[in-house]
Amino acid sequence: MSTEYRPHSWPREGIVLGVFAVVVFAMPWWLTWIGGYEALATKIVIWAIFALGFDILLGFTGYLSFGHAAFFGTSGYVAGLMFLHYSESIIPALLACLVVSIVLALVLGFLTLRRTGIYFAILTLAFAQMLHAAALSIFQEWTGGDNGLTMSAQPNLFGLPMDGLNVFYLAAVLVVIGFAMARQIRRSPLGLMLRSIKENQMRLEYTGVNVMAYKMTAYLISAIYAGTAGWLMVVYEPYVATKFLHWSTSGEVVIMSVIGGVNTLIGPMIGAAFMMYFENVVQSEIGELWKLVLGAIFVLIVIFLPGGFVDGYNRVRKVLGQKVPSRRHNVPDSPESMRKLRERGRTAEAGRTD
Amino acid sequence: MTQTDSNFLLDVQGVSKRFSGLQALNNVTLQIPEGSVHAIIGPNGAGKSTLLNVLIGLIEADEGTVRFDGRELRGMKPHDIIQRGIARVFQTPQIFPALSLLENVAIARLAKRDGKFAIKCVENLGPGNEVSDEAAEILTEVGLGDHVYESAQNLARGDKRRLELAVCLAAHPKLLLLDEPTAGMSRHDTNRTVELLQRISERGMTKIVIEHDMHVVFSLAEQMTVLAQGQVIASGAPADVKGDPKVIEAYLGGGPKE
Amino acid sequence: MSVNDVFLQLVTGLQLGAIYALIALGLTLIFGTLGVVNFAHGALYVIAIYAAVVIGGQIGFWAAVILVPLLLFVVGILMERGIIQYFYDRPHTDQILVTFGLALVIEEGAKAIFGANNIPYPIPDWGTGQMLFYGTGATIPGVPRFEEMPQVWMPFIEGMLFYPSWRIILIAVSFLAIGGLFALLQFTRFGLVVRAGMRDSEMLRFLGINITARFAIVFGLGALIAGIAGVFGGPITQVTPDVGMHLLVPSFLVVVIGGMGSLPGALLSAMLLGMALSFSAEYSAVQQIVIYLVAVVVLLVRPRGLMGKKGVLE
């Protein structure tokens, strides 16, 4: 099996992020060509942030959370309450959302991360539903129960009203930063540790690594992304719905990640765009049936194309005879540097005393 | 605290372990001086692997103490025990299947360099990075230098063992535990592995080897302990143990009562 | 709380626990033998209630009682043979994803056919009334309305109590089904193999016992129990497409609290949660989250669940 390895280089990283930024920032325009509308771009970008963070958990560590609505929704409520009772400036609300997301992730992570993926999926689902139930019962005074929270005034950033395209640009800046950070994590030692969790936790523990701490780190990072997305959602439409906390929100981010392609970072964001497009544009064509069609697409992808759209794209390229770069990272690049390494290895082998 | 009052790197005193109805380890005492190579042999089910599992905290002993490098290990988390300088090659090779060989070894280098937990996300692994370079060196040393980009899952079984050995060596442990390092290997591969282990011994790394292949035991070990039904029935230099009637009895049947 | 209140809440707790038990037993049976966490188990319940409404409306209630569990048995086997069997060798997360996807498709399919709102369930006449419990000091007026009512004398009850007949029927049927399941597993060769499979399926495969075919039947059996739950539980849980997911989350908790893969544990914890729900009804705010609180406490105090072998927090 021969695979081509793509070296890491800063110029190339710059090009990738540059192209990504251009595509994202131009979205309000190109989306209208395919039947979308400006505000849909904002929604897509917000969900892309959510899905991107989710991929750091699911894609890297293999831990499938069915309760990430807990972070998205709780942040939504915290943002709403901050706007209503403290300040319409979005910065204090963001700080509050991040603090709450981190604390919540520490508590839920302690309860759910100890054992295998099966328990994790079940327990994250259950505890997120607990928060949903709590929002509708014991916290009803603050959450407004079924009615949700409606903001009276538009949130602002240092006096700049956060509406229309302003929200979009804010979200777009954040998704580009989020993407750059996720890529950096992936090629760093931290990323290698997180990706090894999916492979063999026992080997990792008996290599002297605190596996639980790394799992918690991945969970925290994904919670921070989810919390940021929840906060942005409330800035975008100054309203907090109980649906933000519902299991279907957790389910949506799972669906996005899987149909886009987990462990690819770009895939879940494409999945987010696809799903939002489906929900908003295709729905106007086929009505409520869109959910059934989307569910069927999801099942078919899980069965036949476990790598999602990105995997499908790579398969097509392979069929067309193009070389597909390996998805592995953290490896030396050129044959030249490998030759040097091997030589150094040989000398080490010969004269090593340690 | 780190300085030990005895000369032993590993000091196992009176360790017992019972699994519902089965006495897996019975009052096992084992003292390993620094720099030595110690073999543990015994018939199947004698408790050899259980003993190694107790040493690295995979199983908690019912009784007895394990002191490593002057420190009692009881109650420590497995990764803390490993961080103190123990590495273990398992009976079935434990590797990271979908990761490249280089990444497999890099993980162990990182665990050695950064400790049990560190958030390092500014550094880029890859060409010129010390961790990646060292990992490639170690892979070359165990004879896998030509395959560093391969997925570990594509390796033959013997090579997986060698990879796991590379992962263990990458941590530069004070004590290396080898659970049948040559099982399932061809004669040729076995000889290569023995050679490799001998070369490592020259650097003064302390090792405990569980092995069935007496050729391997005699080429490597300076001291050996014979376990049968959870008990130490003989120990000493290989040549002395070889003629011990109790050992012959243990292998040829009979042995202490069940 | 008077004796009467306690009695009423015990009965309510039994009734709530009975439905959870039926769903959770199917879940834990499938998990224990096949190692699959079936996120579509609630959706099987949805199929059952809609099938019961259709068959009950077209042919009659007794036809539904017989046909719906059989239909679900077939659906379960088709599901296992058609899709799930290809996922045994894939990671657990893929199994969860595919069953979750199936759950979505079934829920949305039901929505497309029957609409999102509750539709009436045709309860037979004999199940619509109230049941009368009476004890010391009760004088039952000699009016027809009372005389036609099924009556039970309970010595500790003060005066009279009414309880919906259908809920009593649900409790009775649930315990019959649960008893039948335990008897099947305890006294038949099939049950012996299944129980052995729950302990160590690899060993069974090694012994050359064809567990694959039996596994399909186990899946069908789990679905069949959900079918029974659907026929009798439909009037109480409502007939809506999203009821499956509403039941699934507490049922998962039942399974985890009971200990993954433990049938007696699932039964015990279902009753525990039913009682917790029933007795917290006075404090309606707490009632919404009481089962989660119970779950957290149990898992912190006893990580392996009530009767499980391997822990969740270990």
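Trainee: Where in chain A does pLDDT stay under 50 over residues that still have 45 contacts beyond four places in sequence?

Mentor: That is residues 327–354 of chain A, where pLDDT is the predictor's confidence in each residue, from 0 to 100, and two residues are in contact if their C-beta atoms, placed from the backbone, lie within 7 Å. This is a predicted model, in which local features need pLDDT of at least 70 and side-chain atom pairs count only at pLDDT 80 or more, while totals for chains, interfaces and linings use all residues. Residues are numbered from 1 along each chain as its sequence is written, and chains are lettered from A and ligands numbered from 1 in the order in which they are written.

Trainee: And which helix of chain A has the lowest confidence, and which the highest?

Mentor: Helix H16 (residues 335–351) of chain A is lowest, at a mean of 44, whereas helix H11 (residues 211–236) of chain A is highest, at 97; helices (H or I, at least four residues) and strands (E, at least two) are DSSP runs, numbered from the N terminus. Residues 1–5 of chain A also have pLDDT below 50, and this stretch has ten contacts in the model beyond near neighbours in sequence. For chain A the mean pLDDT is 88, with 89% of its residues reaching 70 or more.

Trainee: Is H6(A) mostly covered or mostly exposed?

Mentor: H6(A) is mostly covered, with 18 of its 20 residues buried. Its end C-alpha atoms are 29 Å apart, which agrees with the 28 Å that the 20 residues of helix H6 (residues 117–136) of chain A should span at 1.5 Å a residue, the expected span being 1.5 Å times one less than the number of residues.

Trainee: Switching to the chains, which pair shares the most contacts?

Mentor: Of the two pairs of chains in contact, chains A and B share the most, whereas chain B and chain C do not touch, their nearest C-alpha atoms being 13 Å apart.

Trainee: How many residues does the contact take from chain C and from chain A?

Mentor: The contact takes 32 residues from chain C and 35 residues from chain A, and on the chain C side the largest share, 15 residues, comes from H4(C). That side divides into 23 nonpolar, five polar and four charged residues, where Ala, Val, Leu, Ile, Met, Phe, Trp, Tyr, Cys and Pro count as nonpolar, Asp, Glu, Lys and Arg as charged, and the others, Gly among them, as polar.

Trainee: One more spot, where is C:Ser262 found?

Mentor: C:Ser262 lies in the loop between H10 and helix H11 (263–279) of chain C, and C:Ser262 counts as buried because 21 other C-beta atoms are within 10 Å.

Trainee: What does C:Ser262 touch, not counting residues up to four places away in sequence?

Mentor: C:Ser262 touches C:Thr28, C:Met307 and C:Gly308. The C-alpha atoms of C:Ser262 and C:Arg199 are separated by 9.9 Å, and these two residues are 63 residues apart along the chain.

Key. A residue is buried if 20 or more other C-beta atoms lie within 10 Å of its own, exposed if 12 or fewer, and partly exposed in between; C-beta atoms are placed from the backbone.
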